[in-house]
Structure formats: structure tokens, C-alpha cells
Amino acid sequence: MSWDFRAFGNLHPSYGDPELFSVRMYHGAQICGNCYASGNIAWFDYCDNDRMSMTEIDNMVRELGYDGVISYWYSIPTYSNSGLTKLNDDQDVIDMLVFVPETRLIDIFLHHEVDSNEGWFYGQSGSNLFVDLEADIVPNK
């Protein structure tokens, strides 16, 4: 494991190592249109660029208590016009990590219980989907 779950109320770490970054994981809601509303936020710090993989992301999701069919999408906050990109495999994770160390924060969105009728949407490698982060998303307590 190359990360630590940040307890509610703890401060964001200051990274000296250029390989380290944080993941802000949005969970417990659905992507509907261009919104991700009424979910929760979990923070994972000390993620290591050299060790990050789909397995590590799966382990983060399990740490939150989830199991079952979940789609992963990511966005880089400093590149807000980039929309969301789907994470399917380790190559997608490598593509996501090219932004580290220029950014130390990566947003990952979980979409739970993917309906089979939505397969066309989730088969994309990227999308024009943007997420309204002003919605009712709260940190884990």
C-alpha cells in the first residue's frame, strides 16, 4: 500500500518528494448529466507515482467499504477544462499520472451500480462530462 487514508479534520500534507500526491475521491453518489451530487469526499495522501495502479485505486475503494460494479473517472483540478476521463486499466492510470508533480491533487469520481443500458457511455475513454462541484458533496466524518 502506497497511500494513507486522511482522517476527517486532518490537514493536507506538504510534499517534498516529487513523486507523492493526494487523491480526493468523490463517492456515494451518481454521475447524472453534468453533476455529481449528494456524495461524500475521502482523501488519500502520500500516494506514490511509482506505485499507483488500478489495484491501488481498488484498494482505496475497498477502504471506503465499497464492493460491486463501480466505474472510476478522474479529473485534474488545475486543468478544470479537461472534463472527466475514464479509468479502465493501468495504462489509463499511467496517463493520469503524467500530471504529477505539476499537480499534487487528482480527483477520482466513483459511479456506483452501472446500469447495462448505460454501457455506451461508460465505454468511452474520455468524455465531455463536467462535474458541478458546488453540489451537496460532504467530507467523510
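Visitor: What pattern does the protein chain follow along the sequence?
Guide: The order is β-β-β-β-β-α-β-β-α-β-α-β. That comes to 3 helices and 9 strands. Helices (H or I, at least four residues) and strands (E, at least two) are DSSP runs, numbered from the N terminus.

Visitor: And where do the coordinates come from?
Guide: This is a predicted model, in which local features need pLDDT of at least 70 and side-chain atom pairs count only at pLDDT 80 or more, while totals for chains, interfaces and linings use all residues. Residues are numbered from 1 along each chain as its sequence is written, and side-chain values use heavy atoms, with hydrogens and water left out.

Visitor: How much of the protein chain counts as buried?
Guide: 45% of its 141 residues. Buried means under 20% relative accessible area, exposed over 50%, partly exposed in between (1.4 Å probe, protein chains only).

Visitor: OK, charges. How many salt bridges does the structure hold?
Guide: There are 2. A salt bridge here is a side-chain nitrogen of Lys or Arg within 4 Å of a carboxyl oxygen of Asp or Glu. In one of them, D45 meets R6 at 2.7 Å, N to O. D45 sits in strand β5 (residues 40-48) and R6 in strand β1 (residues 4-6), so this pair links distant parts of the chain, 39 residues apart.

Visitor: Are those two buried or exposed?
Guide: D45 counts as buried at 4% relative accessibility, and R6 is buried too, at 11%.

Visitor: Which residue forms a salt bridge with R24?
Guide: D107, with the closest N and O atoms 2.6 Å apart. R24 lies in strand β2 (residues 20-27) and D107 in strand β8 (residues 105-112), so the pair ties together parts that are 83 residues apart in sequence. R24 counts as buried at 17% relative accessibility, and D107 counts as buried at 2%.

Visitor: Switching to S22. Where is its place?
Guide: S22 is in strand β2. At 0% relative accessibility, S22 counts as buried.

Visitor: Which side chains make polar contacts with the side chain of S22?
Guide: Among them are H12 at 3.5 Å and Y15 at 2.7 Å. A polar contact is a pair of N or O atoms within 3.5 Å; within protein, one must be able to donate a hydrogen and the other to accept it, and residues adjacent in sequence count only if both atoms are side-chain atoms.

Visitor: What else does S22 touch?
Guide: Not counting residues up to four places away in sequence, the list is R6, H12, P13, Y15, F44, D45, R104, L105 and I106. Contact means heavy atoms within 4.5 Å.

Visitor: Now the core. How many residues are in the largest nonpolar one?
Guide: It has 33 residues, and those with the most contacts inside it are M25, F44, I57, L87, M96, I106 and I108. A nonpolar core is a set of buried Ala, Val, Leu, Ile, Met, Phe, Trp, Tyr and Cys residues joined through side-chain atoms within 4.5 Å. The elements that give two or more residues to this core are β2, β5, α1, β6, α2 (90-96) and β8.

Visitor: Which residues of α1 are buried?
Guide: M54, E56, I57, M60 and V61. They cover an arc of only 160° around the axis, which puts them on the same side of α1. The arc is that of the directions from the helix axis to the C-beta atoms. These buried residues pack against β2, β5, β6, β7 (85-87), α2 and β8.

Visitor: What caps the N-terminal end of α1?
Guide: S53 does, with a side-chain oxygen 3.3 Å from the backbone nitrogen of T55. Just after α1, G65 takes a positive phi of about 95°.

Visitor: Last one: where is Y66 found?
Guide: In the loop between α1 (54-63) and β6 (70-75). Y66 is partly exposed, at 22% relative accessible area. Its side chain reaches the backbone nitrogen of G28 at 3.4 Å.
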